[in-house]
Amino acid sequence: MTLPPPAPPVAPDAVTASTPPRIELRGISKRFAATQALEDVSLDLLPGEVHGLVGENGAGKSTLVKILAGVHQADSGTIRLDGEATQIHGPAHSRSLGIAVVHQEPRLFPDLTVAENVFIGHAPSGRLGSIDWGGTRRRAESLFRELDVQVDVGAPVRGLSMADQQLIEIAKSLSLEARVLILDEPTASLSAHEVERLFTIVRRLRGRGVSVLFVSHRLDEVFALCDRATVFRDGRHVVTMATRDLTTADLVRHMVGRTVSLFPKVETPIGDVLLAVSGLTKVGEFRDVGFSVRAGEIVGFAGLVGAGRTEVARVLFGIDQRDRGQVLLAGVPVSFASPSAAMHAGIAYLPEDRHQEGLVQDFTIAQNVTLPILPRLFPRLLTRISTERKVAHEFTEQLSVRMTGVDQLVGSLSGGNQQKVVLAKWLASRPRILILDEPTRGIDIGAKVEVHRIISELAASGLGIILISSDLPEVLAMSDRILVFHEGKITAEIPRGQATQERVMFAATGSATVDEPAAAPAAGGVQSEQRLDG
Amino acid sequence: MSMTAAPARDQRRWMSLLARWETLLVLALIGLIVLGTTLSPFFLTAGNFSNLIAALMEVAIMAMPMTLIIVLGEIDLSVESMAGLSSAILGFLWAAGVPLWVGIAVVLVVGAFGGLLNGLIVARGGLPSLVVTLGTLALFRGMALIVLGPRGVSDFPDWFTAFGFGHVPGTLIPWPFMVFLALALVLGIVLHRTWIGRQVFAIGKNPSTARFSGVRVTRIRVSLFVLSGMVASLAGIILTSRLSSARADAGSGMTLTVATVVLLGGVNIFGGSGTIPGVALAVLCVAVMQNALRLASVTVEVQSIALGLLLILSVVIPTFAHQAKSALDRARRGRPPPADSIARGEAAP
């Protein structure tokens, strides 16, 4: 009873002036501080169509979803809903306009029942305005019957699978008579069977005239489900086409075709194996990860967010503990119970989150740089400001940090300079292995080039470097060898000479490789050795 | 460069704010002394000062490790009960014929273990210290009542009571004040002049960064709680000595005063900043205030209200001052706060 009336399905390519799109976005721009998240983006969502939205990390997909959900407001551009100019003021307003968003990880109340979650905030009321629990239950049951899903609506949400929780979100959107359903990476944690069930439901909704925006990294799913697909890249709209006129290769090409001027990597002689990892497994995060890093080598970890790259780094640095596998550091098996143990063994980790994990914002530059090495710098406990300043000066100078002096508070530096301070801090600990997790995220292009120069010089000085980056051109330009992660496994190992954005993206999205025999996950240094000799 | 000039100014202003807080305390102290002098001609005598200092020494002593713990971003509410438990055990052992020095050693070990319990639950269990030490606040007091019951033990030897009651020979300086001074000196150096203190500040300001920088966060947390427990036991011993009586309810209500003193001393309740000299000044302020109120024949109830208000004000004033300051800074720079959250949100489309 709460479903929207069935509308005749509109052929996806039959756009005519007489049927206005359900949602019409024109010239949408959104800027966050230094980052232009969306620039002049236009997109039409037709009634009764499933529209795929794809793009790399940082392409602007999430920002667009958040604008439609009312979380962010666009800086400029127009939004038309069924031909009518609209502004979306906030999440509640977005819902009242008939837009529903289902997230990858549904945000439900775990201790409330399924029915309560579906009707939270708009439960049918009985006499005297009290909530009509019987009615709530019955209406929830009928919603799930329409979806053809078996769920006990009286059971609490806690303990239900991610897939079931998503269905509750969908049922909720139906109860709100949503005309637009946005699925934001809905299949990332679903099994194949659950994905199929979700697709069946989405197709049924399409048949009822609901417009679906399907945001996904999985290109095969986009082809299986979507009528049309739009590609974003660097906050811009690249192309919108009917999926039947597209191939996976086209899509990947549209996603990656970007170039960035980078510091040219200095070719460095590559030395002995410093770090050898085999069969490394942490249940639920990654499995059977094996690779090696040599002195002077930069090994790139490519892949999408959540593919397991940071998780591997955290285990190597002693933040998390592995379940299985072996780590050899200069031939010696090691296992670190804490970051301080890893540090003492010569591993340094520049974390992904500079603000929360990399720096103490209201410490001075000197205090930040010396934080990891205090016990070594001052074996007799008492600190000496002159010593600290000297050390800080040496390393910040080397990285040309722009500052008034080492007594400046780190929080008052620009993002790029802050990142250089984090680098200085880890260089001061004189590591053998340096793990860099998204070292250039959120910093401007000038600083980026400098960071690339520094990374290259560090490798030249004999460090083994692991470079985790979601920035494809960066990984390609900087790495001697690229390991591609997909859903917790290494799906490809690509030497520098053979690496292209397309190849990496294919492996990262789990698409079947088109042109090459699939590269086997590398076990240790054997493969690299062959490459070196050859 | 104009871009880099602003932060330096910020830092200067921040430093001056800090200086102002301690200046404020000195001014408050002078004001309170003047007030006390008008209340009673007896106020400004060495004897009275000796008394007002002595009356607050257990609090002052417990405030020293508490300063480090609050800078660390934690709190230890159980100190008053640990003082009570120590008093009870000391009395029990003495009454049972155990030599006093053995009793004192036992009590200090008990204090260390009590602190270890707090520290392990907080640091290993990852639980908020506010809740954990609220629990042990009741636990230690209950244990004290079981050990000694409602009775008091008071036939301690003279040398013991002389310690709490007497003065350094030739002066009017109470012995417990010397203990406080020594503790303040040592912990002041640890907090402000050693890398351990630097790590304590780092944890208080940003525990994740500290951990990612190889700081042994768990070890420091546990050690400070052990220290706090031991010092609370020491305070219990001094209290027993000063009152010449061991009681299970010794120290009741002292945590409130300890926390007041530390926060009045300018230590940030959210951790990450504070100084030992500031807290030492606050000790003097509270001692003089309590003494002045007593000389003015203010009732105990009103004294308690005054202390409570002081606690709230010492948290509220710096918070408002800070908010006003950052609002002012933002308005001046005309620049929104850093957009890190947004950058992160975008990174996971």
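Where in chain A does Gly308(A) lie? I start my notebook there, keeping in mind that this is a predicted model.

**Entry: Gly308(A)**

I found Gly308(A) in the loop that runs between strand 13 (298-303) and helix 9 (309-316) of chain A. Is Gly308(A) buried or exposed? I counted 22 C-beta neighbours inside 10 Å, and 20 or more makes a residue buried, so Gly308(A) counts as buried. I then looked up its contacts, leaving aside neighbours within four places in sequence: they are Glu285(A), Phe286(A), Phe485(A) and Gly488(A). I also checked one C-alpha distance: Gly308(A) and Phe286(A) are 22 residues apart along the chain, and their C-alpha atoms are separated by 5.6 Å.

**Entry: a sheet in chain A**

Next I turned to an open sheet of four strands in chain A, with the order 12-11-14-15 and antiparallel pairing. Which strands stand at its edges? They are strand 12 (286-294) and strand 15 (332-333), and each has a single partner strand, so one side of each is left without a neighbour in the sheet. I noted that strand 14 (residues 324-329) pairs with strand 15 in the antiparallel sense over two bridges. In this part of chain A, Leu329(A) stands opposite Val332(A) of strand 15. Helix 9 of chain A packs on the sheet and touches strand 11 (273-282), strand 12 and strand 14. The direction of helix 9 makes about 115 degrees with that of strand 11.

**Entry: helix 1 of chain A**

How many residues of helix 1 (residues 61-68) of chain A are buried? I got eight of the eight, so this helix is largely enclosed by the rest of the structure. The buried residues include Lys61(A) and Lys66(A), along with Leu64(A), Val65(A), Ile67(A) and Leu68(A). Ser62(A) and Thr63(A) are buried too. After the helix comes Gly70(A), and I noted that its phi is positive, near 85 degrees.

**Entry: chain A as a whole**

Chain A has 534 residues, of which 52% count as buried. Its secondary structure comes to 19 helices and 20 strands. For contacts between residues at least 6 apart in sequence, I read that 71% join residues at least 24 apart.

I also looked up the domains: domain 1 (23-109 + 163-256), domain 2 (260-346 + 431-534) and domain 3 (354-430). Where domain 2 meets domain 3, the contact takes 10 residues from domain 2 and nine residues from domain 3. On the domain 2 side, the largest share, three residues, comes from helix 16 (residues 445-460). That side divides into eight nonpolar residues, one polar and one charged.

**Entry: two helices in chain B**

At what angle do helix 3 (residues 57-71) and helix 8 (residues 175-193) of chain B pack? I found about 10 degrees, with the axes 9 Å apart. Angles under 35 degrees count as roughly parallel, so helix 3 is roughly parallel to helix 8. Among the residues that meet are Met57(B), Ile61(B) and Leu68(B) from helix 3, and Phe177(B), Leu183(B) and Leu191(B) from helix 8. By class, this contact has 14 nonpolar, no polar and no charged residues.

**Entry: Thr38(B)**

My last stop was Thr38(B), which has its place in helix 1 (residues 2-39) of chain B. With 10 C-beta neighbours inside 10 Å, Thr38(B) counts as exposed. Ala296(B) is 258 residues apart from Thr38(B) along the chain, and their C-alpha atoms are separated by 9.8 Å.

How values were computed. Residues are numbered from 1 along each chain as its sequence is written. Chains are lettered from A and ligands numbered from 1 in the order in which they are written. This is a predicted model: local features need pLDDT of at least 70, side-chain atom pairs count only at pLDDT 80 or more; totals for chains, interfaces and linings use all residues. Domain bounds come from an automatic or database domain assignment. Two residues are in contact if their C-beta atoms, placed from the backbone, lie within 7 Å. Ala, Val, Leu, Ile, Met, Phe, Trp, Tyr, Cys and Pro count as nonpolar, Asp, Glu, Lys and Arg as charged, and the others, Gly among them, as polar. A residue is buried if 20 or more other C-beta atoms lie within 10 Å of its own, exposed if 12 or fewer, and partly exposed in between; C-beta atoms are placed from the backbone. Axes are lines fitted to C-alpha atoms, for helices over the stretch in contact, and angles run from 0 to 180 degrees between N-to-C directions. Angles under 35 degrees count as roughly parallel, over 145 as roughly antiparallel, 65 to 115 as roughly perpendicular and the rest as oblique. Two strands pair if DSSP finds at least two bridges between them.
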